[in-house]
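Subject: Structure for your files

Hello,

Here is the structure I said I would pass on. My notes on it follow below.

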Amino acid sequence: MSECSRNTALERMLRSLIEHEEEFRELDAAAGDGDLGITVRSAAAAILEWLPKSRTTGSAGELLAGIAQVCATTSPSTFGSLVSHGLAAAAKALGDEQRDDISSLVVALEAGIAMVQRRGRVEPGDKTFLDALIPALQVARTATSVADALPLMRVAAIANTEQMASAVPKHGRAAWVGERARGIPDAGSVVVIRALESLEGSDGQPWDVDTVSQ
């Protein structure tokens, strides 16, 4: 994938996340403090503003490092901090490689997820955005190309997010809410799903979060 194509896909994803701000806010408000919509929108808007001004060599690692820095300065929330550290770890793992193949995607996801687990002290099943990312990584490991991986990653992320909706969160404000959060999909996982939908570029119907039993 060329740098131009990569940036086009990234810009499309960021605009999609901004469009879903209210969805993220409502889900987070139902099981947390309701700031996720603002966090995602402010970070996405800042990255969109930064992209045309960025001076990168074309490597995905350098691009991710820049995005991580933007997230760190514009989204000081817990979610924003974990995402920025995860992106920075992914960037470091990729280094200066000029490739955008499936192996690079797997390496980036593995490093990013490991960092989020260490920084956030979270595990699979804790009802966080890792419950969408980890299944996505698992199916990416079996794919032969990024194009083939993306729809499989989306399906896996949706399936586990729906399954985990019945769980009680163990971290952050959502953990204080306790039983009230049961039946509500994790808002961070929904962010991951919307990002994957956009990156896949499918013309199909977006996942309907309201189909999850409340």
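From the N terminus on, the elements of the protein chain read α-α-α-α-α-α-α-α-α-α. That makes 10 helices and 0 strands. Please keep in mind that this is a predicted model.

On the chain as a whole: the protein chain has 214 residues, and 50% of them count as buried. Its accessible surface is about 10,500 Å², with carbon and sulfur atoms accounting for 53% of that. As for contacts between residues at least 6 apart in sequence, 68% join residues at least 24 apart.

The rest concerns the largest pocket, which holds about 1,400 Å³ of space. Its lining is made up of 48 residues, and those nearest the centre are Leu-10, Met-13, Leu-64, Leu-87 and Leu-199.

Which helix gives the most to the lining of the largest pocket? That is H5, with 8 residues.

By residue class, the lining of the largest pocket consists of 38 nonpolar, 6 polar and 4 charged residues.

Regards

Technical notes. Residues are numbered from 1 along each chain as its sequence is written. This is a predicted model: local features need pLDDT of at least 70, side-chain atom pairs count only at pLDDT 80 or more; totals for chains, interfaces and linings use all residues. Side-chain values use heavy atoms; hydrogens and water are left out. Helices (H or I, at least four residues) and strands (E, at least two) are DSSP runs, numbered from the N terminus. Buried means under 20% relative accessible area, exposed over 50%, partly exposed in between (1.4 Å probe, protein chains only). Contact means heavy atoms within 4.5 Å. Accessible areas come from the Shrake-Rupley method with a 1.4 Å probe; for residues, only the protein chains shown count as cover. On a 1 Å grid over the protein atoms alone, a cavity is a set of points where a 1.4 Å probe fits but cannot get out, and a pocket is an open set with protein on both sides within 12 Å along at least five of seven lines; lining residues have an atom within 4 Å of a point. Grid points are joined across faces, edges and corners, and a volume is the space filled by probe spheres set on the points. Ala, Val, Leu, Ile, Met, Phe, Trp, Tyr, Cys and Pro count as nonpolar, Asp, Glu, Lys and Arg as charged, and the others, Gly among them, as polar.
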